[in-house]
Amino acid sequence: MQPMPGAGYDRAITVFSPDGRLFQVEYAREAVKRGTTSLGVKSGEGIVLVVDKRPTSKLVEPKSIEKIFQIDEHIGAATSGLVADARALIERARIESQVNKITYNEPIRVDSLAKKICDMKQMYTQHGGVRPFGSALIIGGVTETECRLFETDPSGALIEYKATAIGAGRQIAMDEFEKKYREGMKLNEAIDLALDAVYEATEGKTSAESVEIAVIDFETKRFRKLSEEEIEEYVEELLLRKPKEEEEEEEGEEEEEE
């Protein structure tokens, strides 16, 4: 009986498989894929963070599910994957932000913070007795001159995006961004685009209770979570807009077939 390819190479984080893979890191990525969808969109007026936080039970208080966090006045993060791992990373990010402020008397740069978090994640992929973080973060923020949006991977990889998504609906959301994203969008348009992506990723199961939205405004340089009333307005507009768009797409397909 031939041994299975890669058998035994997933027992320790420090062991590479013959084809150069770290299975524990790949398993951590799978943990992220099982999480709910989180999205980030960069616009000319700021950063938008949106998460799908549908409760697993009717008995769960929706307010208790938190997947968007403020890190500093000008930086926020959306998470997907193992909630406890994400919380530990958020606490580390907050500490790094405060250390930078005390040391250099200025707010931390978004890219510097993202790199520090990724350095920590990478450390947990090369030491025995630890495991990789089973959580990915979308880190967004503003500086004096621009808006920045980064996605961090369990391996410690770091990529900057104009719009990105993590979690179960990532591919569907990314397809929506590819079709509809454009440079210089206004903040309201970026929120609408993110909600469109959530709607597609959840197959239309979107409500005001299942969505959390935060913005980092470029003008004020402030992180702010939208109130329940504001979210309701955006979701109501979404639920009116999407059926019309779907009807128009169906009519267009029928005309092409004819």
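Helices (H or I, at least four residues) and strands (E, at least two) are DSSP runs, numbered from the N terminus. The model is predicted: local features need pLDDT of at least 70, side-chain atom pairs count only at pLDDT 80 or more, and totals for chains, interfaces and linings use all residues. Residues are numbered from 1 along each chain as its sequence is written, and side-chain values use heavy atoms, with hydrogens and water left out.

**View 1. Asn-105 sits in the loop between helix 2 and helix 3.** Its phi is positive, about 60°, although Asn-105 is not a glycine. Most residues other than glycine have a negative phi. Asn-105 counts as exposed because its relative accessibility is 71% (buried is under 20% relative accessible area, exposed over 50%, partly exposed in between; 1.4 Å probe, protein chains only).

**View 2. Helix 2 (residues 83–104) crosses helix 3 (residues 110–123) at roughly 130°.** The axes come within 10 Å (lines fitted to C-alpha atoms, for helices over the stretch in contact; angles run from 0 to 180 degrees between N-to-C directions). The two helices are therefore oblique to each other (under 35 degrees is roughly parallel, over 145 roughly antiparallel, 65 to 115 roughly perpendicular, the rest oblique). Helix 2 contributes Leu-89, Arg-92, Ala-93, Glu-96 and Ser-97 to the contact; helix 3 contributes Leu-113, Lys-116, Ile-117, Met-120 and Lys-121 (contact means heavy atoms within 4.5 Å).

**View 3. Helix 4 (residues 170–180) packs on helix 5 (residues 187–201) at about 140°.** Their axes are 8 Å apart. This pair, helix 4 and helix 5, is therefore oblique. Ile-172, Ala-173, Glu-176, Phe-177 and Lys-180 of helix 4 meet Leu-193, Ala-194, Asp-196, Ala-197, Glu-200 and Ala-201 of helix 5.

**View 4. The largest nonpolar core has 30 residues.** Such a core is a set of buried Ala, Val, Leu, Ile, Met, Phe, Trp, Tyr and Cys residues joined through side-chain atoms within 4.5 Å. Val-41, Val-48, Val-50 and Phe-177 have the most contacts inside this core. Helix 5 gives the largest share, nine residues. Leaving aside neighbours within four places in sequence, Phe-177 touches residues including Leu-39, Val-41, Ala-165 and Leu-193. A second, separate core of 17 residues includes Ile-71, Ala-77, Leu-89 and Met-120.

**View 5. Lys-221 lies in the loop between strand 9 and strand 10 (222–225).** Lys-221 has a positive phi of about 60°, although it is not a glycine. Lys-221 is partly exposed, at 21% relative accessible area.
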